[in-house]
Amino acid sequence: VHEAISWVAIGWTFGLVAVTTALVFRSRSLLSRVLALDTLALLLIALLVLVGDWRQSPHYLDAALAVALLSFVGTLAAVRYHGGGDLFS
Amino acid sequence: VIEAVRPWLADALAILGLLVMTLAVVGMVRMPTLQARLHAAGKAVGLGIVPLLAAAATSGEPAVVARAAVVAAFVLLTAPVSSHAIARVAYLRHRRVERRRPDGGHVPGTGGAPLASEKPDGGFAPCDGSMDPSRTDNGEVMP
């Protein structure tokens, strides 16, 4: 990706992160909030990929994998706890 | 030829990914119900993250390509699972509320009151982070 596109993309993704953070704080129901947090994690992964491509380093993708893992486990745990069942059914 | 096209292909993939992520966030802001929001956000993975990873992988470095493939596979496998978990819990709690009603709840396709999931939950609360405890996940007011 060209340098200028990288800069614009990183700035744009920061804007999306800001909007989604506002969404997390303003959502009315808990499930909407969990969904907004899931999307926020997705945007963080996108940001890490873009920064890793800009810095020409593969190690940012390791961090992206860690964020993906944590967001998946966190979403599932929160949603199943909210559903009232046990976490592993 | 491939060497000449490669940076432009990466640019195109990055712009496609950003466009789809933007559409997903716009959908999350604009859509009135949880189900519609899930529908909008579900698009962000397949067409949002994966093109960005592909753009990063066009450099051809084995370390980047391998990691990008692993991240794409993991995200593609887990995003439907978490979306399904959210939708399932919304449905189960909605059904519990419907059963508690004196009229036994609304049967779809038979007229009568619309399903609570078809009503908007009024968008978003003021920015104090509080939730209305009398509302369910579908925006319905508990009896």
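Which residues in α2(A) meet which residues in α3(A)? Before getting there, a word on the model: it is predicted, so local features need pLDDT of at least 70 and side-chain atom pairs count only at pLDDT 80 or more, while totals for chains, interfaces and linings use all residues. Residues are numbered from 1 along each chain as its sequence is written, chains are lettered from A and ligands numbered from 1 in the order in which they are written, and side-chain values use heavy atoms, with hydrogens and water left out.

Now the answer. On the α2(A) side we have L30(A), L31(A), V34(A), D38(A), A41(A), L44(A), I45(A), L48(A), V49(A), V51(A), G52(A) and R55(A). They meet Y60(A), L61(A), A63(A), A64(A), V67(A), A68(A), S71(A), T75(A), A78(A), V79(A) and H82(A) of α3(A), where contact means heavy atoms within 4.5 Å. The residues of this contact split into 17 nonpolar, four polar and two charged; Ala, Val, Leu, Ile, Met, Phe, Trp, Tyr, Cys and Pro count as nonpolar, Asp, Glu, Lys and Arg as charged, and the others, Gly among them, as polar.

As for geometry, helix α2 (residues 30–55) and helix α3 (residues 59–83) of chain A pack at an angle of about 175 degrees, their axes 9 Å apart. That makes α2(A) roughly antiparallel to α3(A), a label for angles over 145 degrees. The axes are lines fitted to C-alpha atoms over the stretch in contact, and angles run from 0 to 180 degrees between N-to-C directions. Helices are DSSP runs (H or I, at least four residues), numbered from the N terminus.

Stay with α3(A) for a moment. Its 25 residues reach 37 Å from the first C-alpha to the last, close to the 36 Å expected at 1.5 Å a residue; the expected span is 1.5 Å times one less than the number of residues. Among its buried residues are F72(A), L76(A) and G83(A), buried meaning under 20% relative accessible area, exposed over 50% and partly exposed in between, with a 1.4 Å probe and protein chains only. Just after this helix, G84(A) takes a positive phi of about 90 degrees.

V1(A) sits in the segment before α1 (3–26) and is partly exposed, with a relative accessible area of 27%. V1(A) and W54(A) are 53 residues apart in sequence, yet their C-alpha atoms are 7.6 Å apart in space. Leaving aside neighbours within four places in sequence, V1(A) contacts S6(A) and D53(A), plus A10(B), D11(B), A14(B) and A55(B). S6(A), in helix α1 of chain A, is buried at 2% relative accessible area. With residues up to four places away set aside, S6(A) touches V1(A), D53(A) and W54(A). Other buried residues of α1(A) include I10(A), L16(A) and V24(A), and their cover includes α2 of chain A together with α1 (2–30) of chain B.

That brings in chain B, with three helices and zero strands. Buried residues make up 40% of its 143 residues. The largest nonpolar core has 53 residues, of which I45(A), L53(B) and I86(B) touch the most other members; such a core is a set of buried Ala, Val, Leu, Ile, Met, Phe, Trp, Tyr and Cys residues joined through side-chain atoms within 4.5 Å. Its largest share, 13 residues, comes from α2(A). Not counting residues up to four places away in sequence, L53(B) touches V49(A), L61(A), A68(B), V71(B) and A72(B).

Methods:
Helices (H or I, at least four residues) and strands (E, at least two) are DSSP runs, numbered from the N terminus. Angles under 35 degrees count as roughly parallel, over 145 as roughly antiparallel, 65 to 115 as roughly perpendicular and the rest as oblique.
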